[in-house]
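This report considers a loop residue, a pair of packed helices and a nonpolar core. Please consult the sequence and the structure while reading.

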Amino acid sequence: MGTTFFYSHEGNLAQAEMIGKESLKLLPKDHTIMFSLANVLGKLQKYKESEGLFLTALKINPHIASYHGNLAVLYHRWGKLDLAKKHYELSLKLDPMAPGTKENYNMLRRKLEQLQKGNA
């Protein structure tokens, strides 16, 4: 997982994706690898594949705030705003101090308010 994280932060997302997928072959039930790879895939705009890994990781361990928070960011980018709202709220319920989640949630709420005003 550490190598995937390293390459992801170095900007080499293709390398991080390859390493993440190889790691997952060796440890197919490791939710931390799924989480790291899901983040990489989200950055590569491979939303469906990323979503699948996040959801599988959450089935294994549904009580990790960052999993919900990062899935919410994925949905936010993907335009699935109702799902983003749901997972931001789950993340904040699990960890009210989750880094960045409150700010992202507030950005989403403002966007939803603007959309409602535009439809009114």
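In this predicted model, Gln 45 lies in the loop between helix α3 and helix α4. Its phi angle is near 60°, a positive value in a residue other than glycine. With a relative accessible area of 59%, which is over the 50% cut-off, Gln 45 is exposed.

Two packed helices are described by the angle between their axes and the distance between the axes. For helices α3 and α5, the angle is about 20° and the axes are 11 Å apart. Angles under 35 degrees count as roughly parallel; α3 and α5 are therefore roughly parallel to each other. Their crossing is left-handed. The table lists the residues that make the contact.

| Helix | Residue range | Residues in the contact |
|---|---|---|
| α3 | residues 31-43 | His 31, Thr 32, Phe 35, Asn 39, Gly 42, Lys 43 |
| α5 | residues 65-78 | Ser 66, Tyr 67, Asn 70, Leu 74, Arg 77 |

The largest nonpolar core has 24 residues, of which Leu 24, Leu 53, Phe 54, Leu 71, Tyr 88 and Leu 108 touch the most other members. Two or more residues of this core come from each of α3, α4, α5, α6 and α7. Helix α3 gives the largest share, six residues.

Which residues is Leu 108 in contact with, leaving aside its neighbours within four places in sequence? They are His 76, Leu 81, Ala 84, Lys 85 and Tyr 88. Among them, Tyr 88 is also one of the core residues that touch the most other members.

Definitions and conventions. Residues are numbered from 1 along each chain as its sequence is written. This is a predicted model: local features need pLDDT of at least 70, side-chain atom pairs count only at pLDDT 80 or more; totals for chains, interfaces and linings use all residues. Side-chain values use heavy atoms; hydrogens and water are left out. Axes are lines fitted to C-alpha atoms, for helices over the stretch in contact, and angles run from 0 to 180 degrees between N-to-C directions. Helices (H or I, at least four residues) and strands (E, at least two) are DSSP runs, numbered from the N terminus. Angles under 35 degrees count as roughly parallel, over 145 as roughly antiparallel, 65 to 115 as roughly perpendicular and the rest as oblique. A crossing is left-handed if the near helix is turned anticlockwise from the far one by less than a right angle, and right-handed if clockwise. Contact means heavy atoms within 4.5 Å. Buried means under 20% relative accessible area, exposed over 50%, partly exposed in between (1.4 Å probe, protein chains only). A nonpolar core is a set of buried Ala, Val, Leu, Ile, Met, Phe, Trp, Tyr and Cys residues joined through side-chain atoms within 4.5 Å.
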